[in-house]
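Work through the exercises below with the structure open. Each task is followed by a solution in steps.

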Number of protein chains: 2
Amino acid sequence: MPYQASVSEFRFLLDHVVGFERVADTDRFAEATPETVDAILTEAGRLCQTIVAPLQRPGDTNPARLENGIVRTPPGFGEAFAAIAEGGWIGISADPDYGGMGLPLTLTTAFNDMMAGACLAMQLNPLMSQGQIEALEHHASDELKALYLPKLISGEWCGTMNLTEPQAGSDVGALSTKAEPNGDGTFAITGQKIYITWGDNDFSDNVCHLVLARLPDGQPGTRGISLFLVPKYIPDADGTPGERNSLQVVSLEHKLGLHGSPTAVMEYSGATGWLVGPEHGGMAAMFTMMNNARLGVGTQGVGVADAAFQLALAHATGRKQGKAAGSGTIVEHADVRRMLAGMKADLFAARAITLACAVALDMAKATGEDAWAARAALLTPIAKAFGTDIGEEIASTGIQVHGGMGFIEETGAAQLLRDVRVTSIYEGTNGIQAMDLVGRKLADKGEAAFRLIDEICAGSEAARAEQPGLADAVYDAAESLRDATEALVARDPADRFADAVPYLRAFARVLGGHFHLVAATSGEAARTKLARFYIDRLLPEHASLLAGLDAADAVLDLSPDELAA
Amino acid sequence: MPYQASVSEFRFLLDHVVGFERVADTDRFAEATPETVDAILTEAGRLCQTIVAPLQRPGDTNPARLENGIVRTPPGFGEAFAAIAEGGWIGISADPDYGGMGLPLTLTTAFNDMMAGACLAMQLNPLMSQGQIEALEHHASDELKALYLPKLISGEWCGTMNLTEPQAGSDVGALSTKAEPNGDGTFAITGQKIYITWGDNDFSDNVCHLVLARLPDGQPGTRGISLFLVPKYIPDADGTPGERNSLQVVSLEHKLGLHGSPTAVMEYSGATGWLVGPEHGGMAAMFTMMNNARLGVGTQGVGVADAAFQLALAHATGRKQGKAAGSGTIVEHADVRRMLAGMKADLFAARAITLACAVALDMAKATGEDAWAARAALLTPIAKAFGTDIGEEIASTGIQVHGGMGFIEETGAAQLLRDVRVTSIYEGTNGIQAMDLVGRKLADKGEAAFRLIDEICAGSEAARAEQPGLADAVYDAAESLRDATEALVARDPADRFADAVPYLRAFARVLGGHFHLVAATSGEAARTKLARFYIDRLLPEHASLLAGLDAADAVLDLSPDELAA
């Protein structure tokens with residue numbers, strides 16, 4: 001069952017659900033005409049189906065490996081990357097001055113979603129470069145931009161992010177990698193970084209590492225961290241890669257999934273690096289990159305969910321068994337139908353959230369309005385955590401639909417679960433996302449959240465005439481989300497964290513109800529049925545999640561000794 | 001972090017939660033004195049920790065393989081199996097006339113739980129033999145019993161179950177394997193069986209296959225199926241394995257997990273078999289074996305959940321990171337604490353359900369009372385589905401607690417998820433369990449269910465003086481379960497299936513609340529805190545699950561074409 005890009009689904013979401021027309025109406029994105037959007041989606045779909053999807057199994061069975069210090073990538077990955085790069089796909093949203101297309105991030109998000117469904121291990125590579133491009137566009141000097149951006153956007157070079165160290169994971173501030181001035185404006189970077197996605201490859205001319213490190217006068221914690229660009233080969237002024245820098249891949253991890261993507265331990269031994277952004281201002285630059293990457297990772301979950309749904313549906317409609325009526329295949333069984341409907345309904349909800357987040361980012365960029373920036377900031381952790389959780393859940397349900405065949409690797413369903421499992425961990429675990437939501441993103445006393453909840457309520461009221469039952473359910477859910485938000489905002493931020501994950505999930509559930517309700521009023525009968533399924537059966541989860549909100553004490557009441565007892 | 005058997009937890013559950021004293025009070029199980037129970041639990045724990053747990057990683061990295069038709073098992077598995085067999089552990093509950101200990105199944109369940117936590121791939125082997133022993137005890141002729149039971153109970157021989165065929169999975173009735181009379185009382189078995197767990201090994205003197213097949217006059221469907229015992233080597237009258245039977249392992253599956261356990265495609269080419277039970281009565285015999293095995297599989301989920309919890313707790317209390325107060329380890333973070341408390345609370349709930357199911361089976365055996373048999377029949381699908389779902393969820397949360405390390409295979413957390421994933425599929429998918437619950441198990445007009453709900457309500461009332469808030473919550477939840485049960489019973493059975501899975505999960509949630517409430521009144525402060533966590537934060541899920549119950553039509557409303565749109 002070959003992967004099929006959901007081109008028409010993206011078109012529907014952009015046209016009817018997430019308000020993409022507002023993006024296209026801005027001067028900044030005036031080029032994103034319906035024709036252009038159509039062409040982008042169609043071509044992206046074709047590329048993902050024909051070039052990227054065939055890598056999925058080979059990438060799993062021929063893991064990337066380290067040979068005498070050189071990373072060997074799975075067969076076909078180099079060729080596929082070349083095709084992605086040649087089509088200009090890495091820089092869909094990058095600055096045209098450096099070779100990008102300057103199109104909305106919403107289209108990049110749709111493309112990344114499709115590519116994730118086709119082959120997540122491959123998709124990770126351009127995703128890393130996209131994050132680096134974004135960070136350099138915002139924070140690098142003009143010289144660095146001129147030298148690096150065209151190469152990264154064209155795909156001649158690839159980019160990576162180096163945050164984690166063995167003792168510094170979620171707590172980035174604990175890092176110990178050092179940066180010492182060389183006296184010529186460059187810095188000597190020394191330290192070890194772990195979990196470096198696509199830390200090296202054998203198909204690009206250079207690999208550019210963005211590395212967090214501490215200058216000699218950097219204070220402890222996150223405020224003393226600076227960001228450096230550290231290329232594998234040091235380029236001359238014309239951008240020709242020259243001398244080998246003092247950095248190397250020490251080892252590759254043996255992972256649950258994503259075998260095609262090399263995850264490296266990197267050793268920097270006085271490697272030459274260039275400062276990006278101000279001294280001790282590394283975290284701000286990193287957050288630019290991470291916020292982009294967080295939406296990107298949420299999108300990965302959605303893309304894999306789509307692939308898992310397609311595989312399960314194909315199995316269910318192809319497998320003849322039992323006394324099923326109709327087609328005689330297992331899709332006639334109520335429980336199989338329930339699983340598939342649930343997968344499809346959650347896929348829609350999670351995808352709408354990631355695209356709405358991208359729209360907000362595009363609007364913020366195009367209008368400079370704080371309200372859009374706040375909307376994007378609010379939606380980013382929700383898109384990341386819900387998208388990836390749903391990715392895992394749908395991948396697991398996909399296995400279940402396959403029955404015994406789901407446990408057999410050749411089926412491909414198990415690989416999707418193995419691959420997607422890390423997405424709820426990297427770029428900030430989903431727990432970190434939820435803490436970001438209830439902490440930083442409610443630090444405006446909930447203003448951005450309440451504005452969104454108001455919109456959901458207004459949408460429900462508008463839909464009431466057409467879909468009274470569904471509209472009332474969404475309205476009530478939004479109101480209980482409002483109550484929960486008020487309760488959290490009233491607390492000291494530190495007292496919100498035990499409820500962070502349930503609250504984020506409840507927020508996503510309500511958003512999903514909202515988007516389904518919008519879809520239900522589109523006039524397509526199947527959309528209304530799917531919305532009813534979601535609102536009747538999945539939306540109620542929000543209530544059980546919020547039910548525990550008054551019980552925060554129960555979490556920390558249990559001491560570690562009591563947990564171990 | 002070596003696996004620690006939860007010996008004192010089993011003691012607490014038996015003594016205070018699941019009413020094991022009633023089993024020990026029967027004549028049949030009079031030998032199950034507190035001293036004996038203590039000795040069994042302690043020795044079982046020691047065996048699992050020292051002999052079985054060390055197999056976990058090697059079994060994964062050295063998968064069972066097929067060499068020239070011979071199955072080679074991972075290093076150490078043969079020695080460990082010998083130790084299990086020598087200790088008499090396979091036959092804890094088997095008939096003493098044939099070498100068993102005749103002890104309650106509740107103790108076998110505790111042992112299986114521990115062994116599953118130590119190494120699931122190894123545990124599967126004796127579990128299969130236990131199922132075969134149970135089936136033969138109930139359905140085989142005296143001659144077959146005399147010949148086979150002592151060998152299976154001693155572990156000299158191993159047993160397997162052969163149900164599935166490529167076109168007959170959940171629909172066993174579609175099988176096409178043939179059994180033709182040889183004229184001497186034996187039958188010639190011909191056909192292919194797939195997904196045969198431990199289909200062969202290189203450490204037992206014989207492998208005995210229970211095979212479902214159709215006699216020439218067997219009608220289509222399940223009513224035409226008979227059960228046959230088909231040994232790898234045909235034993236003489238003294239039980240010495242002789243001539244090689246016409247059966248072979250064609251291939252082993254490449255699976256997501258359980259690499260240490262060979263999953264075989266078996267080919268029977270006129271192999272000699274002996275009828276077990278009456279002609280065309282194979283399904284009844286198979287159900288004996290499957291009901292036992294279903295509880296056994298639920299227990300597998302629980303055991304893996306325990307291992308995953310232990311690993312995560314050890315990581316969380318050992319990993320220093322960030323500005324955490326107290327110990328300075330990540331267990332001080334509210335969200336990590338929330339994850340661990342949730343794992344522990346669900347582990348307790350699922351384990352109490354499996355043990356309560358075992359107690360009911362023991363009581364049915366000891367007293368012959370239909371009410372106990374009905375209780376066991378009701379609890380079996382719940383124990384199977386909830387135990388395995390919780391196993392998967394806790395294994396996945398365990399990965400999450402590890403952060404990035406959770407995705408690295410060496411950590412061991414990922415293997416637990418890979419291994420446990422099949423438990424919600426085999427021995428009847430969890431969807432099949434749920435259909436069994438709302439169909440067959442409510443066919444008594446809900447009598448057994450209502451009786452259990454009455455007990456839960458009575459328990460809540462008894463606990464009200466001591467734990468008013470918790471007791472009220474459990475009481476109310478039980479009442480909404482009663483309403484839902486009444487609604488389902490009022491429907492035609494075929495119209496219950498779309499709600500089967502949510503209903504089963506809600507039932508398990510309420511049972512978990514009941515058992516936590518019982519534990520909360522034990523006087524241990526930590527038990528009360530854990531109960532509060534469960535009842536405040538996890539029990540409310542039942543309401544959201546039951547909320548969709550009136551919306552059954554939404555499931556089948558979506559046609560396959562609409563799902564694919």
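**Exercise 1.** Is the crossing of α1(B) and α3(B) left-handed or right-handed?

Solution. The model is predicted: local features need pLDDT of at least 70 and side-chain atom pairs pLDDT 80 or more, while totals for chains, interfaces and linings use all residues. Residues are numbered from 1 along each chain as its sequence is written, with chains lettered from A and ligands numbered from 1 in the order in which they are written.

Step 1. Take helix α1 (residues 7–17) and helix α3 (residues 34–52), both of chain B. Helices are DSSP runs of H or I with at least four residues, numbered from the N terminus.

Step 2. Their axes are 9 Å apart, at an angle of about 150 degrees. Axes are lines fitted to C-alpha atoms over the stretch in contact, and angles run from 0 to 180 degrees between N-to-C directions. Therefore α1(B) is roughly antiparallel to α3(B) (over 145 degrees).

Step 3. The crossing is right-handed: the near helix is turned clockwise from the far one by less than a right angle.

Step 4. V7(B), F10(B), R11(B) and L14(B) of α1(B) meet V37(B), L41(B), T42(B) and G45(B) of α3(B). Contact requires C-beta atoms, placed from the backbone, within 7 Å.

Terms used: Helix = DSSP H or I, 4+ residues; strand = E, 2+ residues; numbered from the N terminus. Parallel < 35°, antiparallel > 145°, perpendicular 65-115°, else oblique. Contact = placed C-beta atoms within 7 Å.
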